[in-house]
Amino acid sequence: MRDWQGAVRRKLWLADAMLLMVAVIWGSSYAVAKQALWFYPVLGFLAIRFGLTFIVLLPQLRGDGRRAIRPGLPLGLVMLCIFLCETWGVMLTTASNAAFLISLCVVFTPFVEWAMLRQRPSNLLFAACALSLAGVWLLAGGTAIALNLGDGLMLAAALLRAVLVCLTRRLTAGLEVPPLALTAVQSAVVASGCLLLGLALPGGLPSLPQSPAFWAATLYLVGFATLFALYVQNLALGRTSATRVSLLMGSEPLFGALIAGLWLGERLDVQGWIGGLLIMIATLGTLLFGRSEAPVAAESGLPARS
């Protein structure tokens, strides 16, 4: 009996450690994406990143994976809008601001669910929303508020992520769509859309970058921030609850701000840190006290962060 309980605890510890590793990886992804954008424009970068992701996940579309094609096409269009907002947002604001602001997706989701599925959020979620708005106000400068275009795009991306979660639940209900197959279809739509938009611009896209730093950043995002993160989420959800998974990965914005400071030299003042921590408290409170069936990324087909 004790041996069995010990084995269960070891599995839980391993799942928790891997989830925290994903939180660190996702936190670093904003700084990594910002570095990649030094070498190549947004549309080309996204086309390459998600084109590679689609190629790796293509075998997932065999057999039952074909069920992902019908819902994956419209969901892929929403995902295209998300990553256009998110990646341009990362380019135009600080990586630390981006990490905190995108986490508002968790707070927005119950309200989008209310609008789309007629499920009213609890009063605690209204309180979390007020707390997160106070955090954004402080993060953007308080009384001297200076919410720039990049911050606005990150807020739009967070709202669109909430829409994607709810829309995914609606379009995949009862279909038993494999998450990796759904991510493959969505990645194909994002890559194709960015490539077409890039080629339609005057002068088209520049030639592929030769910098090893660009390719290292892109392969890191494909291999770790997407594929490894999805694998860990699916593995952890088989060993623990969705709420525990969400709570452990809710530390992502804090890691994002710390890594941006250490790697890119970005610095938040005391007011910015207070605002970011208020957003984190609102996010974790939403996950802890919100609806127990609130979806997480692996369950909803939401791709790993940029």
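Predicted model: local features only at pLDDT ≥ 70, side-chain atom pairs only at ≥ 80, totals over all residues.
Modeller: Local features here need pLDDT of at least 70 and side-chain atom pairs count only at pLDDT 80 or more, while totals for chains, interfaces and linings use all residues. Residues are numbered from 1 along each chain as its sequence is written, and side-chain values use heavy atoms, with hydrogens and water left out.

Biologist: How many helices and strands are there in the protein chain?

Modeller: The protein chain has 13 helices and zero strands, these being DSSP runs numbered from the N terminus (helices H or I, at least four residues; strands E, at least two).

Biologist: Why is W88 called partly exposed?

Modeller: W88, in helix 3, has 32% relative accessibility and therefore counts as partly exposed, the class between buried (under 20%) and exposed (over 50%), with a 1.4 Å probe and protein chains only. Of the 306 residues of the protein chain, 53% count as buried.

Biologist: What makes up the nonpolar patch on the surface?

Modeller: The patch consists of W88, M91, L92 and L149, with about 370 Å² of accessible area together. Helix 3 (residues 69-92) gives the largest share, three residues.

Biologist: Why are helix 2 and helix 3 called oblique to each other?

Modeller: The axes of helix 2 (residues 42-57) and helix 3 come within 10 Å and cross at roughly 125°. Angles under 35 degrees count as roughly parallel, over 145 as roughly antiparallel, 65 to 115 as roughly perpendicular and the rest as oblique; helix 2 and helix 3 are therefore oblique.

Key
Patch = residues over 30% accessible without salt bridge, like charges linked within 9 Å, V, L, I, M, F, W, Y side chains within 5 Å. Areas by Shrake-Rupley, 256 points an atom, 1.4 Å probe, with all protein chains shown as cover. Salt bridge = Lys/Arg side-chain N within 4 Å of Asp/Glu carboxyl O. Axes fitted to C-alpha atoms, helices over the stretch in contact; angles between N-to-C directions.
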